[in-house]
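Please look at the structure before reading on.

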Amino acid sequence: MPIFHYIHQLKNCAKHHSIASTKQLHAHFNKLGLTQFIHLTNTLLNVYAKCNLLEDALQLFDEMPQRDHVSWATILTAQNQANLPNKTLSRFPSMFSLDRLLPDDFVFASLVKACGSLGAIKQGMQVHGNFLVSPFFDDDVVKSSLVDMYAKCGLPDNGRLVFDSIKSRNMASWTAMIYGYARKGRKEEALELFSMVPVKDLFAWTALISGLVQSGNAVDAFGLFVEMRRRGISIIDPLVLSSIVGASANLAMLELGKQVHGLVIRLGYESCVFISNALVDMYAKCSDILAAKDVFSRMSRRDVVSWTSMIIGAAQHGQAEEALSLYDKMVLNGVKPNEVTFVGLIYACSHVGLVNRGRELFKSMVEDHGIHPSLQHYTCLLDLLGRSGYLEEAETIINSMPFKPDEPTWAALLSACKQYGNGKMAIRFADHLLSLKPEEPSTYILLSNVYSSSGVWEHASKARHLLEALEVRKEPGYSYVYFGKESQTFYAGESSHPMKEEIFSLLNELGVEMKRRGYVPDTSWILHNTEHQEKERQLFWHSERLAVAYGLLKSVPGTIIRIVKNLRVCGDCHTVLKLISDIVKREIVVRDAKRYHHFKDGKCSCNDFW
């Protein structure tokens, strides 16, 4: 039978994804000795790749008596499509060492795509350099891949140089360039390029919207999404929906997220795994952990992102036992955890003092799953040890780990030293922390308090002066409260609100009851050199207190008050919110810059560690 007839049969197998027929033909070729015909073997290799049979493709590739550029382009593309870009880059060097072949345009495109997926900009630039001195230096397809790579690696100016050199630009190059600008927060340049794009299809809109979401411009992204809907752009691909769900999460606007969820259902995309994953994350970040659990429970298929999103959501909301139970179920379901999963798990352990379980998870991550601990893993482990009083063990780890501790790590340990009264160690940790020139105002307050309690007045004064310099340029503190479709933003010290008198009166009433219950304002959270009474006044006008009072005045009795704060909740406000939750018998949920606090019946889900 002629070779071309077998090739035709293989193409039919690929068309119908007929795995059994493909393997029968492969066995037949081996029996007849036809694998020496490279064109036939390349076709078989391509069928395996299209049928997602990567292991069979790799075995066939390794057994081929000779390979050409088509063979290499096919196997490298297959590895990229299987989300194994690191394997693509590690296999490539043998193209020359084994087969004495230099890359062609298809191979260059595969290599560039792998570098973009990994964010491997150094290797990507090396590939770009080799491309420029190759016979294919003017290939527009490779150039389009380079634009995409530079956009993903956060170098839009490099991408623009390549973009401007493309003779015939396809839509992929336009969308990559728009995304590159938007992702870096260069909104005006992204919009200008978007206005020039030949076809403003869904994918161009998605590039613009998703890039803006990733750069923190969620409000602008929502405006553009509304405009896209107004223009009647059909959502034939759900990626833009996952981006706009992410925007709802970033804004912590629960009502907005619910509306997007409704649109997802109407368009029939709720069964899409990555959309459901985004919804789980959104509800958790909008402080509605019950809604997150509901979405998760109704998912027919769950991947590692699904489980990890739910585990982290539970952990951040103080539900440590739930997070650990989810992990056990995840393993029983045969889903392999990733590095992010273990961050959530060890974090969960730290908030309930499960030291042995945390140690076991850290060990299992390395020994059972082959995951190399990152600084974030070490930070969570050190936080767990510090909170539980294992300060010597924590210091031993800090001195042996392969990373330099960052501000959150030192601050967590310093706070633990203060709690357990280990003054000598506290001073050592404080000196390390001060040398980093921290960016968090609360860190300077902690430093000043530690130095003051140890009589190191010079360093305490330095911390106060650094905080004053920081507050000149830092973002002002604000909180917003939302219920239903209404939201209201309050800035610290705000005195011009129309309901100022009602808010002031309610806070005074609550203050009287709090003091009757033993509350004493902790003015150590105010470092300015002012009178004690002025410090108390500044605490009184912290933005989260104004937001809570407004919420109590305006919301339906008995409903949860949800607040989002751009900075961390100070220690005194944390005490106040616990007391208020008990006095008014209302649950108050606060999402601050670091975590979630569920205040109810005088207690907080964070167990007073945040």
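## The largest cavity

The largest cavity holds about 40 Å³ of space. A cavity is a set of points, on a 1 Å grid over the protein atoms alone, where a 1.4 Å probe fits but cannot get out. Points are joined across faces, edges and corners, and the volume is the space filled by probe spheres set on them. Searching the whole structure gives one cavity of 30 Å³ or more.

The lining of the largest cavity consists of F490, E494, S495, S496, H497, K500, I503, W541 and L546; lining residues have an atom within 4 Å of a point. By type, four of these residues are nonpolar, three polar and two charged.

## Basis of the model

The model is predicted: local features need pLDDT of at least 70, side-chain atom pairs count only at pLDDT 80 or more, and totals for chains, interfaces and linings use all residues. Residues are numbered from 1 along each chain as its sequence is written, and side-chain values use heavy atoms, without hydrogens and water.

Residues 201-235 are 74% helix and 0% strand, with end C-alpha atoms 10 Å apart. For residues 303-337, the values are 74% helix, 0% strand and 10 Å between the end C-alpha atoms. Helices (H or I, at least four residues) and strands (E, at least two) are DSSP runs, numbered from the N terminus.

## Residue S145

S145 belongs to helix α10, residues 140-152. S145 counts as buried because its relative accessibility is 19%, and buried means under 20% relative accessible area with a 1.4 Å probe, protein chains only. Apart from neighbours within four places in sequence, S145 is in contact (heavy atoms within 4.5 Å) with A109 and V112.

Technical notes:
1 Å grid on protein atoms, 1.4 Å probe; cavity = no way out; pocket = protein on both sides within 12 Å on 5 of 7 lines; lining within 4 Å. Nonpolar A, V, L, I, M, F, W, Y, C, P; charged D, E, K, R; others polar. Buried < 20%, exposed > 50% of the residue type's maximum accessible area, 1.4 Å probe, protein only.
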